[in-house]
Amino acid sequence: MQVVLLAAVAAAGTFVPVSGGPIPYQLAVSGAPPIFGVLLAAVLAAASVTCVLLLPRTPWPTIVAGLVSWLLISAWVPLCVSSYLAARTIREQRRLIGCFAVASAAVLLPTAIGLAFGRAGLALVDMLAALGGVGLFVALPFVLGLWNRSRHDVLDGLRERSTQLEREQAARAEQARMQERARIARDMHDVVAHRVSLMVLHAGALEVNAADPGTAATAELIRTTGREALAQLRDSIGVLKSATSDTHLGPQPTLVDLDGLLDRSREAGIPVHRHDEGTPQPLPTLVEQAAYRVVQEALTNVHKHAGTARTDVELRYVDSVLEVDVINEAPRAPVEPLPGSGMGLVGLRERVELLDGSFAAEPRADGGFAVSARFPLEERA
């Protein structure tokens, strides 16, 4: 649509010359029928339309057509289009300067020809008019073309950067999910391997001490099946170890280690206060590890974004639900954010939801921040 509109403007502009046309045109049509000038303008209009329609491929025909239209009939509209397109599309600096110089010379050429034909009495007026034409028909469109090109370059750069940031954000989120799933799988391996190992040991003891041959055979089957399950678990965790470089099989922290975590935050200058409500009860190991991770990540965000703001860590055992809340007040002074991936909360949400829990992290009305997790215990106890 823009190309069609530009073609219409260029075609109409060939019928709007400046001051009746340059000296060569006036000499060419002197004594000729008036239709000659109209036909010449029509031919140039058709040529301009054809050249403009080629713009998606190359701008050079349109640039040349604008210069020719100016030299023949002083059609200023095609010249303006030519100057604008040259500045808008040509990237090489030498060609850009060359186009500007050629267009400026084309505007000054009629005056030079007029002086050559002896119009010395109008030399000063013609020169001022020619210089004004250079500024109006060449320089102004040229500057607009450069500005439009720079604007489009900036917008294209911003779009590309936005697209790249979206891809990086999606990649970081997926990486955080994969790492958290790997940690959860590792934790499940630790728990399940421990329970299966106990089962194998008890089955072995039962096999040795059983007086009934049937019971001994059943115990042997249980022991053999358990050993096979342990071997499969080791294979699975081996795959996870090779896929994640930070995976290790050390014991994972639970709520028993929570006080040590809070003490380290206090040593860093954060006034952390722990509040326990309800009657503590034995929790599944995976739930304890996930609850510890929630507090750990929340305190990490306090370090990064809230400085030494007061922080409350609340653990509540309510109706077979473990509620974990970490709430920090607004920063007391401006805090320079520490670098981080910003994906920790994404991993936490993944971990909590895989345990059938709910997770929320949002700013508070007083300027602080709250991280909350709810773990159902009834079906897992």
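These are my notebook entries on a predicted model of a protein.

**Ground rules**

I number residues from 1 along each chain as its sequence is written. Since the model is predicted, local features need pLDDT of at least 70 and side-chain atom pairs count only at pLDDT 80 or more, while totals for chains, interfaces and linings use all residues, and side-chain values rest on heavy atoms, with hydrogens and water left out.

**Entry 1: the overall look**

I began with the secondary structure and got eleven helices and five strands. Helices here are DSSP runs of H or I with at least four residues, strands are runs of E with at least two, and both are numbered from the N terminus. Next I looked up burial: of the 381 residues, 36% count as buried. My note on the words: buried is under 20% relative accessible area, exposed is over 50%, and partly exposed is in between, with a 1.4 Å probe and protein chains only.

The protein exposes about 21600 Å², and carbon and sulfur atoms supply 62% of that. Those areas come from the Shrake-Rupley method with a 1.4 Å probe; for residues, only the protein chains shown count as cover. I also checked contacts, meaning heavy atoms within 4.5 Å. Among contacts between residues at least 6 apart in sequence, 72% join residues at least 24 apart.

**Entry 2: the sheet**

In which order do the five strands of the open sheet come? I read β1-β2-β3-β5-β4, with mixed pairing. Two strands pair if DSSP finds at least two bridges between them. The edge strands are β1 (272-277) and β4, each pairing on one side only. Neighbouring strands are turned by 10 degrees against each other on average, direction ignored. For angles, axes are lines fitted to C-alpha atoms (for helices, over the stretch in contact), and values run from 0 to 180 degrees between N-to-C directions.

I then zoomed in on β1 and β2, which run parallel and are joined by six bridges. His 273 stands opposite Asp 312 in β2. Helix α9 (residues 258-267) packs on the sheet and touches β1 and β2; its direction makes about 155 degrees with that of β1. Helix α10 (residues 285-305) also packs on the sheet, touching β1, β2, β3 and β5 (369-376), and makes about 10 degrees with the direction of β3.

**Entry 3: salt bridges**

Side chains of opposite charge can pair when their charged atoms come close. I count a salt bridge when a side-chain nitrogen of Lys or Arg is within 4 Å of a carboxyl oxygen of Asp or Glu. The structure holds 15 of them.

Arg 172 bridges to Glu 168, with the closest N and O atoms 4.0 Å apart. The two are four residues apart in helix α7 (residues 123-209), so about one helical turn separates them. Arg 172 is partly exposed at 31%, and Glu 168 is partly exposed at 31%.

Arg 364 and Asp 366 meet at 3.5 Å; Arg 364 is partly exposed at 37%, and so is Asp 366 at 46%. Elsewhere, shared partners join Glu 314, Arg 316, Glu 323, Asp 325 and Arg 374 into one network.

**Entry 4: two positive phi angles**

Ser 320 has a positive phi of about 60 degrees although it is not a glycine. I found Ser 320 in the loop between β2 (311-318) and β3 (321-328), partly exposed at 32%. Asp 356, not a glycine either, has a positive phi of about 65 degrees. Asp 356 lies in the loop between α11 (344-354) and β4 (358-363) and is exposed at 53%.
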